[in-house]
Amino acid sequence: LLVDFQIVHICGKGNIDAKLANEKGYKQFEYVDEELPHLMAMADIILSRAGANSIFEFLALRKPMLLIPLSKEASRGDQILNARSFEKSGYAAVLMEEDLTNESLRNAIYHLYENKDRY
């Protein structure tokens, strides 16, 4: 992916991978605050879980989204409902966590990027 994309990864407290710290085109953040509007403005596409607050913010910003909702085993199932609703409305593409592989993720990202004007 780094051949074609610059990636900003907001990965959460304690989830920084030191092995990736100097990877060209890849920047990790535990948390962002004042930087968030700038990061959102520069993003061509968004890859995210499917929490309601986040996905409605992305929708308001008209950002093409690839949503990977938490599975029913890891959540109440609300992210699955959110993701499916956005997919049905044409706001997002969805990749279910159960179907997530390196190849499926790569294919979904490229498909979203190539079709970003549809979202």
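Two strands pair if DSSP finds at least two bridges between them. Helices (H or I, at least four residues) and strands (E, at least two) are DSSP runs, numbered from the N terminus. The model described here is predicted: local features need pLDDT of at least 70, side-chain atom pairs count only at pLDDT 80 or more, and totals for chains, interfaces and linings use all residues. Residues are numbered from 1 along each chain as its sequence is written, and side-chain values use heavy atoms, with hydrogens and water left out.

Strands β3 and β4 run parallel and are joined by three bridges. Within this pair, Ile46 stands opposite Met65 of β4. The open sheet has three strands, in the order β3-β4-β5, with parallel pairing. Both β3 (46-48) and β5 are edge strands with a single partner strand each, so one side of each has no neighbour in the sheet. From one strand to the next, the twist averages 25°. Axes are lines fitted to C-alpha atoms, for helices over the stretch in contact, and angles run from 0 to 180 degrees between N-to-C directions.

Two helices meet these strands. Helix α3 lies across β4 and β5 and runs at about 125° to β5. Helix α4 (residues 102-114) packs on the sheet and touches β3, β4 and β5. The direction of α4 makes about 155° with that of β4. Contact here means heavy atoms within 4.5 Å.

A nonpolar core is a set of buried Ala, Val, Leu, Ile, Met, Phe, Trp, Tyr and Cys residues joined through side-chain atoms within 4.5 Å. Buried means under 20% relative accessible area, exposed over 50%, and partly exposed in between (1.4 Å probe, protein chains only). The largest core holds 14 residues. Ile46, Met65, Leu67 and Phe86 have the most contacts inside it. At least two core residues come from each of α2 (52-60), β4 (65-67), α3 (78-88) and β5 (92-94). Helix α3 gives the most, with three. Leaving aside residues up to four places away in sequence, Phe86 touches Ile55, Phe56, Leu59, Met65, Leu67, Tyr91 and Ala92. Another core, of 10 residues, lies apart from this one and includes Phe5, Leu66, Ile109 and Tyr110.

His9 is found in strand β1 (residues 7-10). His9 counts as partly exposed because its relative accessibility is 34%. Beyond four places in sequence, His9 touches Tyr26, Lys27, Gln28 and Phe29. The C-alpha atoms of His9 and Leu81 are separated by 24 Å.
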